[in-house]
Amino acid sequence: VHGENSRMEKKAKSVKEKKEFTTPAGKLEQLEVLLESEEVSIEELREFAISNFGLVNNEIRRKAWPILLNMKGVSPSKDSTDPISKAEEIQVQKDVDRSLFNFDYFNTLNEETTALYKSHLKEILMELITRNKFHYYQGYNDFCSVFLLVMGRKLGCRAAEIASQYLIKDFLLDSFDKGVKPMLFMLNDLLHIKVPHLYEHFKKLGVPAFVLPWLLTWFSHDFDRLDLAGRVFDFCLGSSHPLAPVYLSAALIILKEKNLPELDDIEDPNDMLMAIHSTYQQIKLGDADVEEMCAKANQLIESEPPEKLIANYTTNLDKLSPLVSGSHTLDYYIKAYHFYIFEKPVHAPRTFSKGFGQLLVAFMNGFTLKGTEMMTHVCTFFTSPQ
């Protein structure tokens with residue numbers, strides 16, 4: 001776990017040292033060259049995704065997000081026989097009915113096309129919930145809608161599934177106490193370190209509940225422009241760590257502190273709660289705000305790495321959480337996949353035997369780091385010289 005989180009810190013430093021792009025057009029040219037290369041460097045692509053302007057546009061995202069998520073290597077989960085509860089299905093339908101309209105993109109579509117998108121969104125949600133035994137939460141519809149709108153029905157579903165398994169799995173547990181609540185405490189800890197004067201006011205209110213839509217939807221619920229939502233998704237996918245939205249939330253709180261009224265003058269806790277919540281809920285983010293937020297979040301990752309935040313809460317998290325189990329992180333899967341298929345020293349090239357992808361995913365889902373030795377033997381057996 002510490003190794004994976006340290007990689008995130010090193011990556012933040014790498015991006016910081018990388019020459020900043022002055023225009024989206026200049027960055028677009030280099031992205032196109034990278035994506036057209038015979039072998040795309042995932043680390044370099046991650047740096048592009050995190051740094052200013054992100055992946056620039058949705059055309060590039062459709063090519064880059066599958067690479068960032070290792071979609072060729074990850075097999076779909078086995079279908080579950082457990083049906084979704086009636087209450088969950090009703091909630092999904094209600095959320096789908098009011099989904100997508102927050103994006104200005106939908107102002108250009110006719111009623112028939114809009115209905116088709118909503119139908120696709122419900123299919124994706126039902127498919128992912130039943131296949132992975134996820135527990136639906138309000139906001140998951142917003143999260144999945146970005147993948148749908150950027151990548152289409154089929155690829156969007158696969159991308160949302162992988163991101164759900166490795167990046168927001170803690171939100172899809174049967175209780176927010178296991179995943180979301182510890183993240184809110186980690187956010188408080190980050191604020192305590194970086195803005196102790198503001199934290200003194202925040203701690204009177206408990207956890208900063210107003211950030212929940214930011215965390216649960218990767219800010220997509222708060223945008224009316226799909227390109228801005230895509231930019232934040234670029235950062236989260238490029239960071240490849242479940243705490244990316246926590247760092248983004250801390251960055252926004254710090255950057256917009258100047259919008260707050262003088263909190264020292266507010267004595268009543270309820271009035272203070274209203275003042276803080278209303279200030280941050282009314283924020284409308286534009287291009288410059290989003291770029292500033294991503295840059296600040298990257299600085300926070302560098303100065304306060306994830307393992308430092310996670311250390312105090314490992315006993316509060318689910319045992320299969322990507323935050324505590326190294327074998328359940330996206331990075332771990334990608335590295336394991338590439339090691340066993342492309343890098344493991346052999347006398348002849350290895351073939352990718354049928355079912356190997358599903359097998360590897362099964363071991364990722366069933367073992368912690370202690371189980372990797374067994375996985376090594378199984379992977380060696382199922383990959384053979386040509």
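Which residues of helix 2 are buried? In this predicted model, local features are reported only at pLDDT of at least 70 and side-chain atom pairs only at pLDDT 80 or more, whereas totals for chains, interfaces and linings use all residues. Residues are numbered from 1 along each chain as its sequence is written, and side-chain values use heavy atoms, with hydrogens and water left out.

Helix 2 covers residues 24-36; helices here are DSSP runs of H or I with at least four residues, numbered from the N terminus. The buried residues of this helix are Lys27, Leu31, Leu34 and Leu35, where buried means under 20% relative accessible area, exposed means over 50%, and partly exposed lies in between (1.4 Å probe, protein chains only). Seen down the helix axis, these buried residues fall within an arc of 90°, so they line one face of helix 2; the arc is taken from the directions that run from the helix axis to the C-beta atoms. Glu29, Val33 and Glu36, on the other side of helix 2, are exposed. The buried residues of helix 2 pack against helix 3 (42-50) and helix 4 (58-68), a contact being heavy atoms within 4.5 Å. The expected span is 1.5 Å times one less than the number of residues.

Most residues other than glycine have a negative phi. Phe53, however, has a positive phi of about 75° although it is not a glycine, and the phi of Val56 is likewise positive, near 75°. Phe53 is partly exposed, with a relative accessible area of 22%, and Val56 counts as partly exposed at 23%.

Phe53 is also one of the residues touched by Arg231, which is found in helix 12 (residues 226-239). Arg231 counts as buried because its relative accessibility is 4%. Apart from residues up to four places away in sequence, Arg231 touches a set of residues that includes Ala49, Ile50, Arg61, Glu291 and Cys294. A polar atom of the Arg231 side chain lies 3.0 Å from the backbone oxygen of Ala49; a polar contact is a pair of N or O atoms within 3.5 Å, where within protein one must be able to donate a hydrogen and the other to accept it, and residues adjacent in sequence count only if both atoms are side-chain atoms.

Helix 6 (residues 111-132) has 22 residues and reaches 32 Å from its first C-alpha to its last, close to the 32 Å expected at 1.5 Å a residue. Asn110 caps the N-terminal end of helix 6, with a side-chain oxygen 3.2 Å from the backbone nitrogen of Glu112. Just after helix 6, Lys133 takes a positive phi of about 55°. Buried residues of helix 6, among them Tyr117, Leu121, Leu125 and Ile129, belong to a set that packs against helix 5 (86-97), helix 7 (140-151) and helix 8 (153-166).

Attention now turns to the aromatic residues. The structure holds 24 aromatic pairs, which are rings of Phe, Tyr and Trp (its six-membered ring) with centres within 6.5 Å; planes under 30 degrees apart count as stacked, over 60 as edge-to-face and the rest as tilted. Tyr137 and Phe171 form an edge-to-face pair, 6.2 Å centre to centre with 85° between the planes. This pair links distant parts of the chain, 34 residues apart: Tyr137 is in the loop between helix 6 and helix 7, and Phe171 is in the loop between helix 8 and helix 9 (180-194). Tyr137 and Phe171 are both buried. Trp214 and Phe219 form a stacked pair, 5.3 Å centre to centre with 15° between the planes, and both are buried.

Ring pairs also link a cluster that includes Tyr137, Tyr140, Phe143 and Phe171. Phe143 lies in helix 7 and is buried, with a relative accessible area of 0%. Phe143 and His221 are 78 residues apart in sequence and 8.0 Å apart in space, C-alpha to C-alpha.

Methods:
Helices (H or I, at least four residues) and strands (E, at least two) are DSSP runs, numbered from the N terminus.
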